[in-house]
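Subject: Structure handover

Hi,

Here is the structure for your set. My notes follow below it.

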Amino acid sequence: MNKHFVVGVFDEETQLMAAVNETLKQGFQIQEIYSPYPVYEAIEAMGKKTRFTFAAFLFGLFGALGVLAFMYYTAVIDWPLNYGGKPTNAFPSFLVVTIVITILIVTIASLFTFSARAKIYPGKAYVLPDARSTDDKFVMVFDKSANDGEYQRLTQLLKAEGAVEVYEKNIEPEN
Amino acid sequence: MYKTEVRGPLILGDKNYHQISSDIIAPINQPAPLWWKVAFGISNLALLFGAVAIYQTVAVGIGTWGVNNSVGWAWEIINFVWWIGIGHAGTAFSIFLLVLRQKWRTSINRAAEAMTVVAVMCAAIFPALHMGRVWLAFYIFPYPNTRGPLWVNFNSPLFWDFIAISAYLLISASFWYFGMVPDFATIRDRTTSKVKKAVYGFFAFGWVGTSREWLRFEALSYVLGGIAAVLVVSVHSIVSTDFAVAVIPGWHTTVFPPYFVIGAIFSGFAMVMTLMIIIRKMYKFQDYVTTNHLNAIAKILIFISLIMGTAYATEAFIAWYSGNKYEIFTFFYNRATGDYSYEYWTMIICNALVPQLFWFKKIRRNLTAAFIISIIINIGMWFERYNIIISSLAKDFLPSSWVTYSPTWVEIGVFAGTLGLFGTGVLLFFKFIPMMAISELKGVLKVTSYNTNDKKHISHE
């Protein structure tokens, strides 16, 4: 990651969004946007999509089937116990455990999916261009080589849209 | 967004993003105040008493308790149900209100979730001890074993209960933790202390707040919120089936699941109110926990209190309407006018009548009054469980097996110990974890409050 990057720092979400829209319109490629809270328009403008909900649905579907199958196996096939002559495959009363365990499976699987896809895990060597972006600043990062020769125009554009600072930086992992 | 304010601004005092971070992180960076140390000391003493009582229970056995052949469930199950009820606030607040897009939850959800995690831990102690031989507790897991394999009974509400509580603890703890990751990153990037940077940096899991991370973070919140909303209803419904499937008079009613769920949310919201008033007062967070927030909780409490009153009336009505003499005895002779009338009327007064004082705006806005009422509700909820469990078991069908029950010091000790555990857990939370979701507060700042620079309402539209 030892390349030159252009970093634009903004105070307000509205200014950030104006800059995002304007730079995209003029054909610049935004490397990444850092914000202290989720800015939905920025996520959309970056063209990021997630199939998270679909993955969660699959976890739930297979989780529920798995739990039901497990209970069927234990209560009907492996060791059928006679509880007062009631059917061994007590489907309605199996549903309670199925629902709760399915929720548990979806939760845990979703957390691991999140960890894998968003790359959030213990001991990660993170790259943070401007440490203020987890506090009160909205930060746009441009790869200089991808926007070659347009550096001056980009800087002016960001300033015109209300950037409080625009600077160049070599970004490397901190630890 | 709207021309008129329904709730008023959520964050007062003209904050900017930086101030929000500073305000919420401040208690972590300052030394613990005196009241904190005193409260922590008292909680630890209670915890110690609990440890002695638990040692006594495990080393000697359940015989150290006051339970007997008729009253086989006593303080332990009362306290278990009581703590689980308090633990309901986490799901109700953070998840239910998230799904309903209620933005006023942002100041409160973190504390409610912390409270949930600690309360469910307190609750879990009781059934474990009640097993008698707690070192064999692993028998309840359905694992392939050498005894057949003899699997657990998947049709038993007691097993459902175990599943529900363990799943609830895991789910609420992970939901709570992942909500804190962005805030830990904020602390990591603001602190000057090397130790704090390392510790909070580790717990932040390398969070930097890119659009890629936020996108998935939001997706995760809504998926977990959507699916875990079921837990608001399921956990306490399952607890209630422990009672409702039994044939004991006073327990064998179909109203139990909704009645328990509502009761749980009632005590959970009351405990949230208690805690938020403490947080507001002790940490001077009145700009974040505004009177509007407390007002909203108070209004919900009035409503739930009415439902509680209806549930008590329904129980009594159905007992009379059924014509079943055991049910009539339990409700009209045993509880309302008999040996348990003090407990019964304490329950009615604390849960159905006192919260009605919140109809008066003056009382809703008076923090001392609100604080006292929130505590009264939790006392009332404890007596509700006392009524259900003790009065029904002590006098059921056969007068020859009627007994009285009173707790021993060991039972009182275990309960005191869980109160100490709760106090300790909550105080550690106050000291080491941001008490409000910093990133969420920033998210609602401009949407819901006025900015002095231009008095116009800034909206996302």
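Helix 10 (residues 291-322) and helix 11 (residues 325-336) of chain B have axes that come within 8 Å and cross at roughly 145°. Axes here are lines fitted to C-alpha atoms, for helices over the stretch in contact, and angles run from 0 to 180 degrees between N-to-C directions. The crossing of helix 10 and helix 11 of chain B is left-handed, that is, the near helix is turned anticlockwise from the far one by less than a right angle. Helix 10 of chain B brings B:Glu315, B:Ala316, B:Ala319, B:Trp320 and B:Ser322 to the contact, and helix 11 of chain B brings B:Glu327, B:Ile328, B:Thr330 and B:Phe331. Contact means C-beta atoms, placed from the backbone, within 7 Å. By class, five residues of this contact are nonpolar, two polar and two charged. Ala, Val, Leu, Ile, Met, Phe, Trp, Tyr, Cys and Pro count as nonpolar, Asp, Glu, Lys and Arg as charged, and the others, Gly among them, as polar.

On provenance: this is a predicted model, where local features need pLDDT of at least 70, side-chain atom pairs count only at pLDDT 80 or more, and totals for chains, interfaces and linings use all residues. Residues are numbered from 1 along each chain as its sequence is written, while chains are lettered from A and ligands numbered from 1 in the order in which they are written.

Chain B overall. Chain B has 16 helices and zero strands; helices (H or I, at least four residues) and strands (E, at least two) are DSSP runs, numbered from the N terminus. The C-alpha trace of chain B spans about 75 × 55 × 40 Å along its principal axes. The radius of gyration of chain B is 23 Å, which agrees with the value near 23 Å for a compact globule of 461 residues. That radius is taken over C-alpha atoms, and the globule rule is 2.2 Å times the number of residues to the power 0.38. Buried residues make up 49% of chain B. Buried means 20 or more other C-beta atoms within 10 Å, exposed 12 or fewer, and partly exposed in between, with C-beta atoms placed from the backbone. Of the contacts in chain B with a separation of 6 or more, 81% join residues 24 or more positions apart.

The interface. Chain B gives 54 residues to the contact and chain A gives 51. On the chain B side, helix 1 (17-29), helix 6 (157-190), helix 8 (211-244) and helix 16 (438-448) each supply at least two residues. Helix 8 of chain B has the largest share, 18 residues. The chain B side divides into 31 nonpolar, 14 polar and nine charged residues.

Backbone points to check. Most residues other than glycine have a negative phi. B:Phe205 has a positive phi of about 55°. B:Phe205 lies in the loop between helix 7 (194-203) and helix 8 of chain B. B:Phe205 is buried, because 20 other C-beta atoms lie within 10 Å. B:Lys284 also has a positive phi of about 55°. B:Lys284 sits in the loop between helix 9 (256-282) and helix 10 of chain B. B:Lys284 counts as exposed, because it has 12 C-beta neighbours inside 10 Å.

Best wishes

Conventions:
Contact = placed C-beta atoms within 7 Å.
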